[in-house]
Amino acid sequence: MADTGTSVSNLDAAEWAKQDNRRFLHVVYRVGNLEKTIKFYTECLGMKLLRKRDIPEEKYTNAFLGYGPEDTHFVVELTYNYGVDKYDIGTGFGHFGIAVEDVYKTVELIKAKGGKVTREAGPVKGGKTVIAFVEDPDGYKFELIQRASTPEPLCQVMLRVGDLDRSIKFYEKAYGMQLLRTRDNPEYKYTIAMLGYGPEEKSAVMELTYNYGVTEYEKGNAYAQVALGTDDVYKTAEAVRQAGGKLTREPGPLPGINTRIFACLDPDGWKTVFVDNKDFLKELE
């Protein structure tokens with residue numbers, strides 16, 4: 001086992017979370033046609049293709065796209081599995097959020113390129129923020145949110161959960177996130193909670209949605225996980241364990257690349273992978 005600094009067994013999880021440098025690294029999901037998706041993300045959503053990685057022995061290819069370099073930005077990691085052209089998105093996954101300076105213009109551009117707009121640009125019901133919804137070639141939804149220039153345009157991952165209070169407590173305690181705000185919408189029978197490692201207008205956040213009376217969702221096989229950075233996977237894994245999280249991969253180096261990671265599930269079974277910050281930067285070199 002690698003040097004884990006202070007003893008992991010007597011870890012003060014809350015204290016460790018305050019010291020740790022955590023951030024959103026990647027959101028990982030599967031697509032049926034990599035080139036088509038890359039074209040949509042670059043031409044319609046304004047992302048850049050950052051790198052591609054083909055693993056023929058495992059029969060898959062990854063493409064990393066985003067609005068800035070991976071060492072400073074939250075980016076998408078697309079996975080194409082050889083020969084698989086369709087996935088089930090399920091009912092639990094909600095959408096990704098992208099902050100843009102002009103939603104109306106972005107929607108016109110997407111339409112001109114043949115993209116699918118599922119909600120026209122306009123203010124949110126009962127509010128002032130201008131939004132729109134579009135779909136990528138696989139049916140993943142993207143919420144376009146009008147926001148003055150932001151350092152983190154890829155700004156949200158929305159997932160549905162069966163018990164919002166339980167999820168908030170878990171994300172605070174296990175992942176060390178802050179509850180930034182909640183909003184209840186009784187008219188449409190849902191409540192949302194925004195959680196993250198910094199203010200919403202400058203950082204990526206998890207948007208957890210509770211629909212009144214719905215406790216379980218179908219996850220499908222399309223959306224995979226969020227990857228988060230940590231200074232010490234062993235300590236963070238212990239904090240997750242203390243909070244009742246289920247580890248699906250114990251902390252340690254990945255075969256072949258030696259990057260230390262661990263994987264875990266939240267109370268609804270949504271997967272998160274924590275990656276060692278220094279190892280991640282080495283991987284990018």
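Predicted model: local features only at pLDDT ≥ 70, side-chain atom pairs only at ≥ 80, totals over all residues.
Biologist: How many bridges join E2 to E3, and are the two strands parallel or antiparallel?

Modeller: E2 and E3 run antiparallel and are joined by seven bridges.

Biologist: In which sense do E13 and E16 run?

Modeller: E13 and E16 run parallel, with six bridges between them. Threonine 230, for instance, has aspartate 276 in E16 as its bridge partner.

Biologist: What is the strand order of the sheet that contains E6 and E10?

Modeller: That sheet is open and has eight strands, in the order E6-E7-E8-E5-E9-E12-E11-E10, with mixed pairing. Its edge strands are E6 (116-123) and E10 (178-185), each pairing on one side only. From one strand to the next, the twist averages 20 degrees.

Biologist: Over how many bridges do E11 and E12 pair?

Modeller: Strand E11 (residues 190-196) pairs with strand E12 (residues 205-211) over seven bridges, in the antiparallel sense. Within this pair, alanine 193 stands opposite leucine 208 in E12. Helix H4 (residues 164-173) packs on the sheet and touches E10, E11 and E12. The direction of H4 makes about 0 degrees with that of E11.

Biologist: Which strands does helix H3 lie across?

Modeller: Helix H3 (residues 103-112) lies across E5 (93-100), E6, E7 (130-135) and E8 (141-146), and it runs at about 160 degrees to E6.

Biologist: How much space lies in the largest pocket, and which residues lie nearest its centre?

Modeller: A pocket is read through its volume and the residues that line it. The largest pocket holds about 970 Å³ of space. Its lining comprises 34 residues, and those nearest its centre are Ile131, Phe133, Glu143, Arg183 and Tyr190. E10 gives the largest share of this lining, four residues. By class, the lining has twelve nonpolar, ten polar and twelve charged residues.

Biologist: What is the volume of the second largest pocket, and how do its lining residues divide by class?

Modeller: The second largest pocket has a volume of about 840 Å³. It is lined by 33 residues, with Val28, Arg53, Tyr60, Glu77 and Gln225 nearest its centre. The lining divides into 17 nonpolar, seven polar and nine charged residues.

Biologist: How many aromatic pairs does the whole structure have?

Modeller: A search of the whole structure finds 19 aromatic pairs. One of them joins phenylalanine 93 and tyrosine 140 in an edge-to-face arrangement, 5.7 Å centre to centre and 85 degrees between the planes.

Biologist: Why does this pair tie together parts that are apart in sequence?

Modeller: Phenylalanine 93 lies in strand E5 and tyrosine 140 in the loop between E7 and E8, so the pair ties together parts that are 47 residues apart in sequence.

Conventions. Residues numbered from 1 in each chain as written. Heavy atoms only, no water. Pairing = 2+ DSSP bridges. Axes fitted to C-alpha atoms, helices over the stretch in contact; angles between N-to-C directions. Contact = heavy atoms within 4.5 Å. 1 Å grid on protein atoms, 1.4 Å probe; cavity = no way out; pocket = protein on both sides within 12 Å on 5 of 7 lines; lining within 4 Å. Points joined across faces, edges and corners; volume = space filled by probe spheres on them. Nonpolar A, V, L, I, M, F, W, Y, C, P; charged D, E, K, R; others polar. Phe/Tyr/Trp six-rings, centres within 6.5 Å; stacked < 30°, edge-to-face > 60°.
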